[in-house]
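Have a look at it here, then read on.

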Amino acid sequence: MSRSIHFQSATKSLVLIPIAVGINLIGGTLCSTLKLPLFLDMIGTIIIACLSGPWVAALCGLLTNLFLAVVANPVYIPYAFVSMLCGLITGYLVKMGFFRNKFGVVIIWLVCTLTNTITASLITIFVYGGATGVNSTSIVTATLLATTKQLFLSVFSSAMLENLIDKALVFIIAYLLIQRIPKKFLSQYSYSL
């Protein structure tokens with residue numbers, strides 16, 4: 001019987017992946033097209049982390065970046081690691097009960113922001129030489145680089161500013177959407193809140 005319940009839960013999680021990736025693609029493509037200093041490509045990943053756990057969220061993050069690389073810009077491929085890592089971290093923190101109240105959501109937001117900033121900055125520096133040109137954050141990085149003459153500080157500072165704002169919006173939207181999902185639907189998932 002428990003095998004049947006686990007299989008049903010896994011199947012429901014797999015059905016959610018295309019929906020979550022679609023939500024991510026809408027946010028990511030919109031921000032990329034408008035050259036906004038945001039990404040908004042993790043809303044679906046956060047939602048699926050809350051419903052199905054860390055590994056399904058990591059898969060969602062990977063698929064999102066692969067699709068964004070195809071529909072928007074190939075520069076997204078190395079950042080798949082960042083999306084996967086944030087999906088894992090969010091999923092495990094949800095599992096620990098952090099998403100049950102606003103204070104816990106703030107903690108997840110800050111941890112995810114720091115993780116994203118560090119890993120994305122390293123990718124930006126070592127893969128792209130300090131700027132990708134995907135959004136207007138590259139302008140901030142260039143300005144800081146001209147002022148400080150320090151590549152890591154410039155990339156890290158602009159990434160931190162961008163991620164604080166971007167992930168705040170992502171977590172607010174995800175939290176509000178999760179709050180609107182009926183409890184009967186939530187109870188069908190292994191990580192129901």
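Q: What makes a residue a contact of Phe39, and which residues beyond its sequence neighbours are in contact with it?
A: Contact means heavy atoms within 4.5 Å. Leave aside the neighbours within four places in sequence, and Phe39 is in contact with Gly27, Gly28, Cys31, Tyr76, Val134, Asn135, Glu162 and Asp166. By the way, this is a predicted model, where local features need pLDDT of at least 70 and side-chain atom pairs count only at pLDDT 80 or more, while totals for chains, interfaces and linings use all residues. Residues are numbered from 1 along each chain as its sequence is written, and side-chain values use heavy atoms, with hydrogens and water left out.

Q: Why is Leu40 called buried?
A: Buried means under 20% relative accessible area, exposed means over 50%, and partly exposed is in between (1.4 Å probe, protein chains only). Leu40 has 16%, so Leu40 is buried. Leu40 is also in the loop between H1 and H2.

Q: What makes H2 parallel or antiparallel to H3?
A: Two packed helices are described by the angle between their axes and the distance between the axes. Axes are lines fitted to C-alpha atoms, for helices over the stretch in contact, and angles run from 0 to 180 degrees between N-to-C directions. Angles under 35 degrees count as roughly parallel, over 145 as roughly antiparallel, 65 to 115 as roughly perpendicular and the rest as oblique. H2 and H3 pack at about 160°, with axes 7 Å apart. That makes H2 roughly antiparallel to H3.

Q: Which residues bring H2 and H3 together?
A: Gly44, Thr45, Ile48, Ala49 and Ser52 in H2 meet Pro54, Val56, Ala57, Cys60 and Gly61 in H3. They divide into six nonpolar, four polar and no charged. The sorting goes like this: Ala, Val, Leu, Ile, Met, Phe, Trp, Tyr, Cys and Pro count as nonpolar, Asp, Glu, Lys and Arg as charged, and the others, Gly among them, as polar.

Q: How do you know how H3 runs against H4?
A: H3 (residues 54–71) and H4 (residues 80–95) pack at about 155°, with axes 7 Å apart. That makes H3 roughly antiparallel to H4. The contact residues are nine nonpolar, five polar and no charged.

Q: Why is H2 called oblique to H7?
A: H2 and helix H7 (residues 151–180) pack at an angle of about 45°, with their axes 9 Å apart. That makes H2 oblique to H7. Ile43, Ile46, Ile47, Cys50 and Leu51 of H2 make the contact with Val170, Phe171, Ile173, Ala174, Leu177 and Ile178 of H7. By class, this contact has eleven nonpolar, no polar and no charged residues.

Q: How many disulfides does the structure hold?
A: A disulfide is a pair of cysteine sulfur atoms within 2.5 Å. The structure holds zero disulfides. Cys86 is in none, and the nearest cysteine sulfur, that of Cys112, is 3.3 Å away.

Q: Are those two cysteines buried or exposed, and what makes them so?
A: Cys86 has 0% relative accessibility, so Cys86 counts as buried. Cys112 counts as buried because its relative accessibility is 1%.

How values were computed. Helix = DSSP H or I, 4+ residues; strand = E, 2+ residues; numbered from the N terminus.
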